[in-house]
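Hi,

Here is the structure I promised to send over. Have a look at it first, and my notes follow below.

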Amino acid sequence: MKNKIIPTILTIAGSDSSAGAGIQADLKTIHALGGYALTAITAITAQNRLGVHAVHAVDPTILSDQLNALLGDYQIDAIKIGMIPNSQLMHIVIAHLKQHPNIPVFIDTVMISSSGQTLMDRKALEIFITELLPLGTLITPNIPELNTLLEISQKNSILGTDTEIKALYPRLKRLNIKATLIKGGHSIDKLAIDYLLTDHARIKISSQRLNIQNTHGTGCTLSSAIALEYAKTACLLTAVSNAKAFLFQALQHAHTHQPTGKKAQNITLLKGGLNHLNRR
Ligand code: PLP
């Protein structure tokens, strides 16, 4: 019997020891949705429910070796890019993407963790904007990340209103970005409204705003779900809609699948990860 063809996604990202974000979130997401995740690790972080305690970028040679090994052997249907901590590693990723221009690339614009830790240094950010983002099939910034990418000063910060978002398209085009999903999680609207901006469409995707605590790794989960759904459907809008539906479930049931804590911490300050496998 012939083997079933499984959508195969390469995720290039950082490891999160608390397993809520980064490579661990990508693995859970891609496997939960029926794909196979190959992983190239860019950094090892020490994290728990209190935040990020340490970040170690990997040696450039081992990132290059991982990418050569994976891209040299597997038929990869899509690439998801998460945390790339420094410019040396950024150049390596860019060089590999350029050698494989036909693989769709989904870029989660990870720069700072929600607990405030820098996950990409300043020099890398410049290369990220000018050289990496134009290679993406889709980038998925939240509102604060969008302000950083477009170098919008704090006093003129975009809050995520309809009129603001519509005016942004030419600025994203000037950066040679092909398609952008602006995530509305941080916006001031009562609903969670995302905008998908492409050459052909400006689509508003609304969903109910969930007021929950366990949101660690939301961005990683959404971008890897989009990569996988795009590998299945080859349609950006379908991929985004399916991924959002998956994320909604994983967030809604996050509280039912959390690791047991040791100390009686102030529980309201602790942010756990999602329930990717929807276990209750
Ligand atoms: N740690 C790693 C390794 C990540 O890749 C990311 C996000 O992509 C984060 C932490 C940040 O996750 P959050 O902002 O949900 O804390």
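Which of the 14 residues around the ligand come nearest? They are Gln-47, Ser-114, His-216, Gly-217 and Cys-220, where a residue is near if one of its heavy atoms lies within 4 Å of the molecule.

Before the rest, some ground rules. This is a predicted model, so local features need pLDDT of at least 70 and side-chain atom pairs count only at pLDDT 80 or more, while totals for chains, interfaces and linings use all residues. Residues are numbered from 1 along each chain as its sequence is written, and side-chain values use heavy atoms, with hydrogens and water left out.

Back to the ligand. The side chain of Gln-47 has an N or O atom 2.7 Å from a nitrogen atom of the ligand. For His-216, a side-chain N or O atom sits 2.8 Å from a ligand oxygen. Gly-217 uses its backbone instead: a polar atom there is 2.8 Å from an oxygen atom of the ligand. (A polar contact is a pair of N or O atoms within 3.5 Å; within protein, one must be able to donate a hydrogen and the other to accept it, and residues adjacent in sequence count only if both atoms are side-chain atoms.) On its own the ligand has 390 Å² of accessible area, and the protein covers 91% of that (Shrake-Rupley method, 1.4 Å probe). The shell around the ligand is made up of five nonpolar residues, eight polar and one charged. Here Ala, Val, Leu, Ile, Met, Phe, Trp, Tyr, Cys and Pro count as nonpolar, Asp, Glu, Lys and Arg as charged, and the others, Gly among them, as polar.

Next, helix H7, residues 218-233. Helices (H or I, at least four residues) and strands (E, at least two) are DSSP runs, numbered from the N terminus. Buried residues in H7 include Cys-220, Ser-223, Glu-229 and Tyr-230 (buried is under 20% relative accessible area, exposed over 50%, partly exposed in between, with a 1.4 Å probe and protein chains only). Just after H7, Ala-234 has a positive phi of about 55 degrees.

Most residues other than glycine have a negative phi. Glu-151, in the loop between helix H5 (143-149) and helix H6 (162-174), has a positive phi near 50 degrees. Its relative accessibility is 67%, so Glu-151 counts as exposed. Asn-176, in the loop between H6 and strand E7 (180-182), has a positive phi near 65 degrees. Asn-176 is exposed too, at 52% relative accessible area.

Lastly, some packing, with contact meaning heavy atoms within 4.5 Å. Thr-42 lies in strand E2 (residues 36-48) and is buried because its relative accessibility is 0%. Leaving out residues up to four places away in sequence, Thr-42 touches Ile-12, Leu-63 and Met-83, among others. Gln-66, in helix H2 (residues 60-73), is buried at 17%. Beyond its neighbours within four places, Gln-66 contacts Thr-39, Ala-40 and Ile-41. Ile-94, in helix H3 (residues 87-99), is buried at 3%. Ile-127 is 33 residues from Ile-94 in sequence, with 9.4 Å between their C-alpha atoms.

Cheers

Key: The expected span of a helix is 1.5 Å times one less than its number of residues.
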